[in-house]
Amino acid sequence: MFRTLLRSLLGLSAVAVSSCISPPDFPSTPSIEFKELKVTRIVDPNPNITPVDNVVVTVSFKDGEGDLGLNESDKVDGGPYSYKLADGTLNRNYYNYFITIYRQNSQGGFDPVPLVDPRFPYDSTFPPLDPQGGKAAPLKGDLNFTTKIKIDTNTPIKSGETIRFEVSIMDRALHESNKVVTSTYRVQ
């Protein structure tokens, strides 16, 4: 709680100071850099419940307009972020955080891990990040993505495998960032 309050105060201070300084010149397409991968194993005391890896991927971002993030209210039928396109196919733009899991193969390279069900990708949506309340302004910071990965049951990820993630983000103008690759971790 203290950290959240401290971050909020630091964020407000940064906004106040930045109003006195000329804004940085970031491109309109967001750019990201991999910062950190944190994995915590969650084991339920009930032996019938499969262990889960709680994975947090942190990327640093920069965006010229600061138009990052979506609200659920942005995802209206027929809009650019609707769940399905007019032809009934799934709309990739429904999400703004794209993540692909890769596992190391026997030759040392990495192959994408197939989804259990293509209708449910690991992709996600993060909320609006613009501190100016919708006004276009350069924005930079860190973005944390948390996902839980079940191990060994009906998932394609097994104990002993080495995996990593490829990440990109998209702004509201549908500009997709560069892709970054995380460090690896070995599933226990």
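Modeller: Rings of Phe, Tyr and Trp (its six-membered ring) pair if their centres lie within 6.5 Å; planes under 30 degrees apart count as stacked, over 60 as edge-to-face and the rest as tilted. By this rule there are three aromatic pairs. The model is predicted, with pLDDT of at least 70 needed for local features and 80 or more for side-chain atom pairs, while totals for chains, interfaces and linings use all residues. Side-chain values rest on heavy atoms, without hydrogens and water, and residues are numbered from 1 along each chain.

Biologist: What makes the pair of tyrosine 83 and tyrosine 94 edge-to-face?

Modeller: The centres are 5.1 Å apart and the planes stand at 80°, which meets the limits of within 6.5 Å and over 60 degrees.

Biologist: Why is tyrosine 94 called buried?

Modeller: Buried means under 20% relative accessible area, exposed over 50%, and partly exposed in between (1.4 Å probe, protein chains only). Tyrosine 94 has 19% relative accessibility, so it counts as buried. Tyrosine 83, at 31%, is therefore partly exposed.

Biologist: Why is the pair of tyrosine 97 and phenylalanine 145 called stacked?

Modeller: Their ring centres lie 4.4 Å apart and their planes are at 15°, so the pair is stacked. Both tyrosine 97 and phenylalanine 145 are buried.

Biologist: How do you know that the charged end of arginine 164 sits over the ring of phenylalanine 110?

Modeller: A charge sits over a ring if NZ of Lys or CZ of Arg is within 6 Å of the ring centre and within 35 degrees of the ring normal. The charged end of arginine 164 is 3.8 Å from the centre of the phenylalanine 110 ring and is assigned as sitting over it.
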